Amino acid sequence: MTTDENPRGEKGDVLLDMRDIRIDGFSDERWHEIIKGVDLTLKRGEVMGLIGESGAGKSTLGKAAMGYAQPGCKIKSGTIMFDGLDLMAMSEPEKQALWGSRIAYVAQSAAASFNPAHRLINQTVEATVGHNVSGEAESKLDAVNLYEALQLPNPDSIGDRYPHQVSGGQLQRIMTAMAMSPRPDLIIFDEPTTALDVTTQVEVLVAMRDIVEKFNTAAIYITHDLAVVAQMADFIKVLRYGEEVEEAETRKMLAEPEMDYTKSLWSVRALEKPEVESDDIVLKIDGVDAAYGNTVKVLHDVTIAIPRGRTVAVVGESGSGKSTTARVITGLLPPMKGQVTFNGQPLPGDLESRNKDQLQRIQMIYQMADTAMNPRQTVGEIIGRPLEFYHGLRGSARNERISELLKLIELDDSFIDRLPSELSGGQKQRICIARALAAEPDVIICDEVTSALDQIVQEGILRLLLRLQKEMGITYLFITHDIAVVKAISDEIVVMFQGKVVEQGLKSEILTPPHPDYTQLLLSSVPEMDPDWLDSLVAERAEA
Amino acid sequence: MSTTSDQMSETESNAQEEAYSAAGEVGMQRVRRTRWQRMRISLSKAPLSAWFGMIVIAAYLFTALFAPLLAPYGEAEVFATPFAPWGGDHVFGTDQIGRDVFSRLIYGARNTMGIALATTILSFIIGGGLGLVAAINRSWLDQFLSRFVDVLMAIPSLIFALMLLSIFGSTITSLIIIIAVLDSTRVFRLTRSVAINVVVMDYVEAAKLRGEGLGWVMRKEILPNIMPPLVAEFGLRFSFVFLTIAALSFLGLGIQPPTADWGSMVRDNASLIQFAQYDLTAAFTPLLPAAAIALLTVAVNFVVDWFLHQTSGLRDDH
């Protein structure tokens with residue numbers, strides 16, 4: 001490694017100083033202020049966590065730290081001093097000379113940020129060589145060292161691969177290597193692990209934290225996940241509606257948040273439902289094998305029993321067959337072997353051979369409420385259609401029922417004429433729930449319904465689902481990878497791994513040791529709010 | 001952080017800290033406009049080229065609708081002097097058998113545009129409908145239709161049209177049907193490819209899970225979401241159909257005399273170009289219908305470009 005210490009300054013000097021930043025965003029035909037006078041100071045070698053809900057202005061502020069405003073935004077006023085340089089006064093080419101050499105940016109989706117046509121190592125050193133920080137041969141050598149430091153497998157040869165030939169977690173680490181390659185003074189991480197599984201996330205977090213520490217780089221870590229930021233940051237700044245709520249040192253912030261809003265962010269994870277056992281099975285998946293295109297078998301002998309009026313949570317990382325199980329139950333993917341029985345009656349394997357009654361009794365709610373609603377239909381049409389279709393309601397009877405359903409999901413009649421694009425993320429998901437309820441089903445399959453939502457909204461949705469279960473006795477099959485959500489809502493848990501059921505049982509049984517290996521790995525990888533969690537986990541795994 | 005802004009954020013966050021309500025969440029859009037208001041806003045922002053296009057198209061439509069009132073003479077009215085010069089009784093002179101060129105230009109708008117419009121609509125019904133079915137079905141039917149379309153597209157369309165027209169005869173009905181079928185291959189391809197992206201959306205799956213039939217999924221779930229590219233394509237296809245009809249007429253297999261049509265008018269008067277050295281205006285006579293075709297094509301493309309830009313959500317500003 002060429003430089004182990006940053007030659008440009010000592011730890012503790014102020015590196016970035018942003019004062020009274022105001023940023024305008026253009027939407028709805030006019031300019032709105034989206035950052036309303038935020039101050040930000042970052043010293044060398046420090047990591048700042050920037051958290052808040054979506055729309056709080058985290059990313060916009062993070063990009064402004066580079067002196068950059070994305071299309072549709074403009075920095076209206078304020079000063080941005082980066083190591084004595086006034087970014088606001090700099091011209092575009094001058095700023096571009098800084099970007100990629102002294103300030104680096106790591107985006108959320110590594111897959112979308114790499115050029116699929118070039119080898120990874122060439123992309124890793126591109127900025128370094130392009131900005132004449134060092135020569136090509138030298139930077140490539142250094143890149144290999146970085147790969148090694150980031151604990152990538154085969155650091156000598158992994159750079160010769162193309163982006164599609166490595167996994168998502170590896171790609172995210174290579175992107176960190178790319179940002180690190182010119183030895184920048186400042187790195188901005190914009191939700192770098194949000195798209196990863198919990199088990200992969202741990203590896204990436206460890207690698208990123210170590211390398212930032214090693215080179216004494218300052219970093220801004222943007223995320224909505226409190227537990228993650230607790231591991232990464234020295235201090236945390238909470239944003240809301242483009243304004244600062246509070247800022248404090250990580251431990252202090254976690255132990256005693258001052259503002260009510262921050263407290264509410266913290267409290268979400270406290271939601272917990274007492275489990276209730278039941279033997280009245282409403283839906284049973286019996287020895288199901290399933291495959292896409294008759295070649296790739298994704299489910300192996302899956303057996304799950306779902307008791308009436310209870311919640312069964314299916315957990316596992318992506319690719320474990322959770323969603324495929326849902327597709328088999330709904331009839332979108334006929335099983336190769338085995339059967340799904342509903343109320344003791346076998347369900348036909350494919351959608352076309354099921355009758356209206358069978359379809360009506362099993363409803364589904366999707367992860368992305370955005371794509372689950374037709375953007376050209378109003379809320380009234382979306383909720384009204386199942387009423388018409390299954391129950392033959394027309395005219396005023398239909399409208400009354402729509403109002404009832406809206407009230408049930410805690411919205412009002414003013415929403416009837418709105419289009420999905422005019423709703424917030426949580427409201428969209430509520431409409432999807434209303435659409436499922438309109439059919440008056442026995443079972444609702446919830447496929448990651450809260451994972452795209454902010455913490456507070458997530459809590460609201462979970463509370464709603466619990467209330468509906470209590471009032472109407474609906475059964476949920478809840479697919480998720482978030483253990484906090486599992487604790488909040490489930491009675492029973494099914495752990496899946498590589499298309500097989502690893503474990504199945506009551507929540508208390510599954511969550512208390514001893515666990516099978518995979519369950520242990522999954523449960524231990526879920527970030528906790530304790531800032532020492534990552535350290536102790538790494539130590540634990542090193543021992544094992 | 002200064003104390004004043006500290007206090008400010010405190011009071012504000014206290015105000016915002018009332019009980020969470022789902023209805024109180026802020027959606028993406030704050031102001032809801034009616035379709036008419038939105039149209040007026042985008043119209044007021046339309047670039048000059050789009051305005052030019054819209055005005056030209058409006059003028060053409062007006063001419064086509066009120067042709068009998070605007071034209072000084074009848075469509076097939078024959079006068080004593082063939083190839084009369086410009087000016088006098090005949091603004092643009094007369095053609096090879098003594099028909100008023102100006103009047104025929106005006107009637108030509110009606111005939112050529114009317115037939116082109118009917119053809120384009122028919123081709124969209126055929127191509128769009130089958131394209132949607134193929135996109136939803138995705139089985140052997142999709143394969144069959146797509147390969148059949150490939151075969152049709154492999155044959156140069158003008159030559160194929162010429163062949164079919166000489167088999168079925170050059171009546172207006174067969175002209176419309178033949179060009180519509182040949183053109184629907186392009187519409188099929190576009191519809192299928194844009195619809196495939198919509199078919200995989202969760203809301204289409206949700207409709208299928210509800211047990212909705214093919215008709216509902218096509219009309220209510222997919223069609224509204226692929227309208228913008230289809231409308232844009234409609235404009236372009238209209239221009240191409242227009243050119244095809246003009247080309248066929250120029251070759252003598254399109255719209256038959258005495259019906260006025262711009263393509264055949266170019267052909268009929270083509271020989272006048274040789275007289276440029278004696279009378280410059282005479283040489284322009286065959287170019288007039290050609291210019292009429294060119295102007296409309298350009299105008300339609302201007303409007304389509306603007307519309308595509310509008311709906312694609314591209315942003316120029318930085």
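Two strands count as paired when DSSP finds at least two bridges between them. Keep that rule in mind for this predicted model.

Start with strand β14 of chain A, residues 337-342. Three bridges join β14(A) to β15(A), and the two run antiparallel. One of the residues involved is A:T341, whose bridge partner in β15(A) is A:P346.

Now widen the view. In chain A, four strands form an open sheet, in the order β12-β11-β14-β15, with antiparallel pairing. Strands of a sheet pair through backbone hydrogen bonds. At the edges stand β12 (296-307) and β15 (345-347) of chain A. Each has a single partner strand, so one side of each lacks a neighbour in the sheet. On average, neighbouring strands of this sheet are turned by 30° against each other, direction ignored.

Helix α11 of chain A, residues 322-330, lies across β11 (281-292), β12, β14 and β15 of chain A. Relative to β11(A), α11(A) runs at about 110°.

Next, the interior. Nonpolar side chains tend to be buried together in soluble globular proteins. Here the largest nonpolar core has 74 residues. A:L283, A:I409, A:I431 and A:I433 have the most contacts inside it. Take A:I431: among the residues it touches are A:M373, A:V379, A:I382 and A:L423. A second, separate core has 55 residues, including A:Y147, A:L152, A:A219 and A:A248.

Finish with helix α17 of chain A, residues 455-472. From first C-alpha to last, α17(A) reaches 26 Å, close to the 26 Å expected. The helix is mostly covered, with 13 of its 18 residues buried. After α17(A) comes A:G473, with a positive phi near 65°.

How values were computed:
Residues numbered from 1 in each chain as written. Chains lettered and ligands numbered in written order. Predicted model: local features only at pLDDT ≥ 70, side-chain atom pairs only at ≥ 80, totals over all residues. Heavy atoms only, no water. Expected span 1.5 Å × (residues − 1). Buried < 20%, exposed > 50% of the residue type's maximum accessible area, 1.4 Å probe, protein only. Core = buried A, V, L, I, M, F, W, Y, C linked by side-chain atoms within 4.5 Å. Contact = heavy atoms within 4.5 Å. Axes fitted to C-alpha atoms, helices over the stretch in contact; angles between N-to-C directions. Lists of a residue's contacts leave out its neighbours within four places in sequence.
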